[in-house]
Amino acid sequence: MSRLVVVSNRVAPVDESKSQAGGLAVAVQEALKSRGGGIWFGWSGDIVDGTDGPPRITESGRITYATLGLTQRDLDEYYNGFANSTLWPLFHYRLDLASFSGRTYAGYQRVNSLFAGKLAALLRPDDMVWVHDYHLIPFAEQLRAMGLSQRMGFYLHTPFPAPEILVALPAHESLVRGLCAYDLVGFQTESDLRCFVHYVKYEAGGSVEELGSGRGCRIRAYGRDLLARAFPISIDTLPLAQLAAQAAESAQTRRLRESLVERALIIGVDRLDYSKGLPQRFEAFQELLDSYPGNRGQVSFMQVAPPSRGDVAEYQAIRRELEALAGHINGRYAEFDWVPIRYLNKSFNRRTLAGFFRHARIGLVTPLRDGMNLVAKEYVACQDPADPGVLVLSRFAGAAKELDAALIVNPYDIRATAENLQRGLTMPLQERRERFEAMMSVLKGNDITHWRRSYVETLAAPLGDAGTAA
């Protein structure tokens, strides 16, 4: 069995417990363990003066964690620059927020070359390399330029934009050429796959063979053959359901329940980001109170939004906008014993959130564009099967393709979103149970273990099945 080498922008702390780790960290660690060990390689999170030395090596069981620091220039150009000021908004259909700079693109390529050079010294001829996310699209191309021919796979955790959006990027051809240096390219949804295929056929002049039955497409472009396929990422479904059942009586959940005084709870949990549709969500809640005044004093909306990328102007702006909206709504509707919106700029651990999800009558997940959105899946998994809540979900989240028993909304349609909130608040128990059972069936069949197994097994398949260099 070939050794697995995982590459990601950040590497989870070696001592991070499974109960606290995110889904990807758990999946990566389990993938490495299932193959008898391997390497997890990436940025340590440290800022250093220089990058001349070898990666820092830490052993934990049979897993080797290999990390390196970045200089401030690297961070500014590669991470804050091209990755998060160009690719992130572009991939989330926000051309108005995307910055196009030759300097940051050069930094992006430079850091990918740096990472590839550092990893190359650690690779064995029969290793299998699995690269994650938009930060590292050129990684395989950099390794190929060094003469390395190992099996290499890539997985994109964000949406992949329609060609009409992607071609606005001056380096779009170089970026897609980099994707085609992999043997397997994985996307969140069939829609993302179609966008990639459309670019390959009509922009790159490549050929595409549909394999059918969810097996993806065999692609030939830029002198290479590869396989492209959708692998919808998921959650650790049953352990999370068990955690939520335990957390239902935790001290934090009891405090929340007591503070609500039998009022219904609508909950949103999102990283503070302009792609999450938070202003529209606040406006939809205001519309709920306006159009259905019986909810005043009877329903509370709690939005958990931990800050992220706080030094970026766009993120500072969204924070100010939300603070103003929350203040306006609370000032207009609040009573001496009821505050409509609880807006929390802080993080909570998985156990606490699981208890909050279980108590919430509605999970409100309305991104303007999202690769998957695991919060939607987590909310469903945390529900009490005997008395489940209702998921109100944006049609622009990848999760909507699987969780079609949710109340699917267009987050730009404020009134329709409010109407679906009202529908969820008044939905009969039997219908709530039926919708919950349908979604849980999906989540049990496609959990995080199924996701990582299906990807790794596809990457490890014989060359004739998964694609090889021309």
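**Notebook: the two domains and their interface**

I looked up the domain assignment, automatic or from a database, and it gives domain 1 (4-234 + 449-460) and domain 2 (237-445). This is a predicted model, in which local features need pLDDT of at least 70, side-chain atom pairs count only at pLDDT 80 or more, and totals for chains, interfaces and linings use all residues. Residues are numbered from 1 along each chain as its sequence is written, and side-chain values use heavy atoms, with hydrogens and water left out.

I took the distance between the C-alpha centres of domain 1 and domain 2, which is 31 Å. For contact (heavy atoms within 4.5 Å), I found 24 residues of domain 1 against 21 residues of domain 2.

Next I looked up buried area, the accessible area (1.4 Å probe) that two parts lose on being put together, summed over both. Between domain 1 and domain 2 it is about 1800 Å², and carbon and sulfur atoms give 56% of that. On the domain 1 side, W88, L97 and S234 supply 26% of the area buried against domain 2, more than any other three residues.

Last, I noted the extent of the protein: its C-alpha atoms fill a box of roughly 70 × 45 × 40 Å, taken along the principal axes.
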